[in-house]
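Open the model in your viewer and keep the selection panel at hand. The stops below are in the order in which to select them.

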Amino acid sequence: MFENLSDKLQSTLQKLKGKGKLSDKDIDLAMKEVKMSLLEADVNYKVVKTFVSNVKERALGSEVMESLTPGQQVVKIVHEELVKTMGQQGESKLKFNPNDITYFMMCGLQGAGKTTATGKLAKKLKKDGKKPLLVACDIYRPAAIKQLEVVGESVGVPVFQMGDKTSPVTIVKEATKYAMKHGIDVVIIDTAGRLHIDESLMDELVQIKQTVKPEEILLLLDAMTGQDAVKVAETFNQYLDITGVILTKVDGDARGGAALSIRNVVEKPIKFLSVGEKMDQLEIFYPDRMASRILGMGDVLSIIEKAQDAFDEKQAIEMQKKLKKQDFNLDDFLQQLQQMKNMGPLEDLLGMIPGIGQNKKLKDLKINEKELVFTEAIIQSMTKKERANPNIINGSRRKRIAAGSGTSVQRVNQLLKQYDDMKKMMKKFSSIEKTMGKKKGLGGMGRFKIPF
Amino acid sequence: MDKEKEKKGFFAKLKEGLSKTKKNLTEQIENIVFAHRKIDDEFLEELEEILITSDMGMETTMDIIEYIKQEVRKNKLEDTSEIKNVIKKYLVNMLEEHEDKEPVSGQQRVILIVGVNGVGKTTSIGKIAYRFKEQGKKVIVAAADTFRAAAVEQLKEWCTRADVEIIASENGTDPGAVIFDAIQAAKARKSDILICDTAGRLHNKKNLMNELSKIFKIVDKEFSEAKIDVYLVIDATTGQNGIIQAKLFSETCSINGLILTKLDGTAKGGIAFPIVNELKIPIKYVGVGEKIDDLQDFNAEDFVNAIFE
């Protein structure tokens with residue numbers, strides 16, 4: 001999402017970086033460009049003004065002027081101010097009721113992506129060991145209830161509904177009874193999309209709030225929203241005193257100015273980013289990591305977490321042993337591929353790697369996830385013996401494998417070559433590791449070498 | 001339909017949203033007009049700020065400011081109170097310049113509705129179908145959003161309300177196949193208008209855009225005797241991303257009209273101006289509510305007047 005904004009900010013700040021000394025004029029000019037790029041990214045006008053004046057004040061202060069690398073120092077200030085603008089660490093944690101049923105209420109404008117995000121949140125809670133229930137309170141939009149039911153089914157979470165003739169307050173009351181009977185511990189209420197200026201519909205939300213006293217009232221906001229975002233958030237907050245925001249459609253290429261504005265104007269944290277149409281694409285929002293991503297400093301922490309999420313610890317240790325002994329075979333190769341796929345779309349991962357944001361060639365690289373499917377098919381068409389010892393795969397075996405996997409001999413050759421290359425690479429890595437001793441610098445990454 | 005009544009309804013609804021927010025465009029402009037008697041740099045800078053906060057974007061805002069400067073020089077304007085009319089004139093001209101005034105022929109028509117997720121495509125289709133039906137036209141709707149959960153059910157409900165025929169298939173089927181079937185139906189039943197729904201897609205998703213291009217090709221090839229319109233639906237709350245949306249959708253299937261939705265909120269669709277200006281695509285309809293008759297033909301003067309009322 002933030003790529004375009006980060007491109008612009010980076011090129012501006014790059015100009016400063018190289019300079020040995022900064023004049024007031026240099027900073028003035030840079031700040032004007034920063035202001036422009038933030039406005040073009042839909043950041044709220046007032047927020048931009050405060051942001052720029054804060055950065056400017058600090059940049060003209062002694063911490064920069066007396067520094068040996070003033071340009072770097074300015075980048076550091078921009079980073080710090082960005083983090084400050086986007087919120088504090090740990091704000092994104094959800095609140096639960098330790099003694100009773102926890103209620104979450106989802107609200108927002110029409111088409112913000114409430115139902116989809118509701119499903120994602122339910123899936124996440126279920127994964128964390130909760131027993132959630134979805135409650136269909138959108139009685140206005142045609143087929144909204146049906147949509148929630150489909151979503152609920154896809155994540156394996158029950159949906160409570162009473163059709164579209166019952167008032168949402170009654171539905172919520174009945175849902176509570178249902179939840180108590182069925183041992184539900186988190187009730188997520190999906191409400192109808194509404195305009196923030198529609199008083200009667202806003203009152204309906206207030207009534208729901210009074211009925212269940214939710215622990216979390218989450219406002220769903222489209223990342224593509226323009227200057228109106230702040231107005232929407234302000235109004236919802238006035239009525240409901242929301243507890244946080246979920247930013248949706250973050251996988252678009254909007255520059256995400258809303259993310260920067262909301263925290264500042266409404267003083268409520270962004271808790272999650274909803275990044276796609278698959279049900280596991282809900283990310284926790286980390287202001288510091290986001291600031292790093294905007295400034296092209298990469299987001300290694302998120303990659304590591306994704307890896308930890310997707311990889312089985314035992315398997316990983318096993319794999320590490322194998323790598324050391326260099327008896328890494330095609331079965332292991334396949335396993336690694338499958339784990340990689342668990343980490344989500346590769347393009348997303350690439351975007352988080354430091355330096356890639358600035359690399360033009362790599363940035364436009366579209367990874368064809370279908371390639372992985374072919375690779376999988378090819379390996380699965382091999383016999384156990386072949387997988388364990390790829391050296392025995394001769395011409396006629398190659399032909400058979402190609403036919404079996406519905407690919408071509410060339411593809412099989414390609415794969416075997418890749419495997420060979422990788423084995424060579426592994427050799428190098430393990431010798432480097434030996435010489436370097438066991439440095440912990442790379443975190444968990446050493447274990448999860450990328451198999452291509 | 002009663003033209004006069006319709007016009008009034010459109011106006012009233014647009015204004016309704018505005019009146020509820022105190023900080024609307026006009027009031028902001030009036031405030032600075034009041035604060036500054038003379039048109040000077042300071043005044044223009046504040047004006048610039050107001051225009052930007054209405055999502056018009058940097059470029060269009062600069063163009064407007066430049067135009068004001070010219071007008072001020074040319075007509076020796078001094079009083080700030082004249083500014084509002086200058087801006088209005090500029091914006092109306094911009095919108096009208098790209099309107100196509102092609103006469104309506106008796107040809108069969110296909111309208112393909114595209115856009116990103118959640119902008120109100122399905123709702124708009126329900127309303128358009130109803131409008132044509134009211135005009136006595138034979139309408140068929142194709143439910144080619146086979147991806148989103150319950151999208152087909154939603155469209156079916158709209159079609160029942162509008163009392164028009166719908167061609168639908170199960171969720172997960174190839175949207176191209178649905179469109180193909182719908183075209184055959186439109187031919188066989190000699191419908192006047194075929195309206196095709198498509199799944200919402202983010203314009204930066206290559207695969208989904210390829211799918212859209214395939215759908216467009218099917219329409220182009222299978223129904224070449226019809227007049228083909230592709231309308232992009234834009235949510236009035238959209239920010240600067242709207243321009244990129246319009247650009248990328250235009251590259252995929254030649255967009256020749258815009259539908260601006262959710263104008264009953266506080267956002268007044270400022271993003272429409274740079275889109276019209278840069279891509280030279282006219283606005284066709286505006287959506288002002290959730291009821292079936294909450295869709296109006298676009299009229300540049302009314303639109304600009306409603307914003308500045």
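This is a predicted model: local features need pLDDT of at least 70, side-chain atom pairs count only at pLDDT 80 or more; totals for chains, interfaces and linings use all residues.

Residues are numbered from 1 along each chain as its sequence is written, chains are lettered from A and ligands numbered from 1 in the order in which they are written, and side-chain values use heavy atoms, with hydrogens and water left out.

Select chains A and B together. Here 33 residues of chain A are in contact with 42 residues of chain B (heavy atoms within 4.5 Å). The two chains bury about 3400 Å² between them, 58% of it on carbon and sulfur atoms; this is the accessible area (1.4 Å probe) lost on putting the two parts together, summed over both.

Next, show the side chains of A:Lys49 and B:Glu49. They form a salt bridge, 3.2 Å from N to O (Lys or Arg side-chain nitrogen within 4 Å of an Asp or Glu carboxyl oxygen). The rule finds three salt bridges across this interface.

Now select H7 (144-155) of chain A, one of the helices that each supply at least two residues of the side touching chain B (helices are DSSP runs of H or I, at least four residues, numbered from the N terminus). H7(A) gives the largest share of that side, four residues.

Finally, select helix H20 of chain A, residues 395-405. Its buried residues are A:Ile401, A:Ala402 and A:Ser405 (under 20% relative accessible area, 1.4 Å probe, protein chains only; exposed is over 50%). Beyond H20(A) comes A:Gly406, with a positive phi near 70 degrees.
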